[in-house]
Amino acid sequence: MADSAVRVRIAPSPTGEPHVGTAYIALFNYLFAKKHGGEFILRIEDTDATRSTPEFEKKVLDALKWCGLKWSEGPDIGGPYGPYRQSDRKDIYKPYVEKIVANGHGFRCFCTPERLEQMREAQRAAGKPPKYDGLCLSLSAEEVTARVNAGEPHVVRMKIPTEGSCKFHDGVYGDVEIPWDAVDMQVLLKADGMPTYHMANVVDDHLMKITHVARGEEWLASVPKHILIYQYLGLEPPKFMHLSLMRNADKSKLSKRKNPTSISYYTALGYLPEALMNFLGLFFIQIAEGEELLTMEELAEKFDPENLSKAGAIFDIQKLDWLNARWIREKLSEEEFAARVFAWASENDRLKEGLKLSQSRISKLGELPDLAGFLFKSDLGLQPAAFAGVKTSPEEMLEVLNTVQPDLEKIFEWNKESIEAELRASAERMGKKLKAVVAPLFVAVSGSQRSLPLFDSMELLGRSVVRQRLKVAAQVVASMVGSGK
């Protein structure tokens, strides 16, 4: 395949705050396209209609643009193979699914969610991995037709070979073999007429002429399903590359429950996009000590997709801090530094709205840093003494902090109205007055008992910073439980 024909894509789902792992995979694809003089494409995979929102889609696009990534085709700029949003392509997929069924490679499944859950529970109880048991494979053509004509809800599943294994070559892992009995009879078309990720992914990659699919290693086990779909449709699959997941220093998976993983967290704390891309790009290249500070163009020059590590990319925050400090000191002029600081402070209207909230709460301008400084701090340096004035016990504060964290994750649109509504609902569920819930949160978010209004402050700080501050506060309060503090 000629280098000029290379077409790669990043295909995020707009179901939450954009993850730094999305930037990691996007950067690889971007550098791969640059290396081969190819095209880098953005596609939005929103087949999960219950969780995908336009707000999250905008956040994805804004985050990737902040990272300095540029795509030649996408939902915001169009292109010759659009639309680039799967929900806008709904009518494209059904003929492909029908072809698979007509050729005997797929079947209609009428099993109810209740029946499937009972099946999985029984399999788990028997120590087996949960997998569709093939019940609807035995239905006669006449029965299937009658049930479809009667309007009975159903999905379409793919058939899987009963013997042997799927063998394929991966650009990172080399030759891979996965037995067919480890592969589930994947749903291809849901009851609402929307394709599943697996079906849409294959059809879109084919129609958009994607030549190389580079994604996280968690998708390696799905390759047999995708290869089968390509075969069932008589299509040539792309070349696959599965990148090692980013991990913590202890090799555990990077997740928002343990660490700040949202790109918005790193923007809010004042990391430079060039430094973050520099940090992520070092996972894909081989360099000597002292060559770490690299621009996007320098990363593309040194990028070597033939020499990738399977060891895992360790997300070392200290190394990121070191690189960010070097970028600030060595790469920005005084004028650029001042401009970056002002732009950072103005993000999410923090400066303007913070000043507006502060105006009626100060007697002189010199009080501003103590009152509103928490909006711009990387770390509050929270200590048990900060909670001394809160009248509830450490045990009760800990209950509040541990309860509201998952409750706040339910909020789709992060604003002061939705935050207040969710916290009021949390207080009601806990059987507490709102004041008892708000008091420890106030300290957790601002580091002080005298500050700006809580709900407004939480909106300005953003979901990812609030998430991390509540996590830190819970750790501090947990240290107070039983200590008499």
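Visitor: With which residue does Glu217 form a salt bridge?

Guide: This is a predicted model, in which local features need pLDDT of at least 70 and side-chain atom pairs count only at pLDDT 80 or more, while totals for chains, interfaces and linings use all residues. Residues are numbered from 1 along each chain as its sequence is written, and side-chain values use heavy atoms, with hydrogens and water left out. A salt bridge is a side-chain nitrogen of Lys or Arg within 4 Å of a carboxyl oxygen of Asp or Glu. The closest N and O atoms are 3.2 Å apart, and the partner of Glu217 is Arg247.

Visitor: How many residues apart are Glu217 and Arg247?

Guide: Glu217 lies in the loop between β8 (212–216) and α7 (223–232), whereas Arg247 belongs to strand β10 (residues 246–247). Helices (H or I, at least four residues) and strands (E, at least two) are DSSP runs, numbered from the N terminus. The pair thus links distant parts of the chain, and its separation is 30 residues.

Visitor: Which residues are linked with Arg43 and Glu45 in a network of salt bridges?

Guide: The structure holds 32 salt bridges. Some of them join into a network that includes Arg43 and Glu45.

Visitor: Are helices α17 and α18 parallel or oblique to each other?

Guide: Helix α17 (residues 434–446) and helix α18 (residues 454–461) pack with their axes 10 Å apart, at an angle of about 40°. Axes are lines fitted to C-alpha atoms, for helices over the stretch in contact, and angles run from 0 to 180 degrees between N-to-C directions. Angles under 35 degrees count as roughly parallel, over 145 as roughly antiparallel, 65 to 115 as roughly perpendicular and the rest as oblique. The arrangement of α17 and α18 is therefore oblique.

Visitor: Which residues of α18 make the contact with α17?

Guide: Contact means heavy atoms within 4.5 Å. From α17 come Leu434, Val438, Leu441, Phe442 and Val445. The residues of α18 are Leu454, Phe455, Met458 and Leu461.
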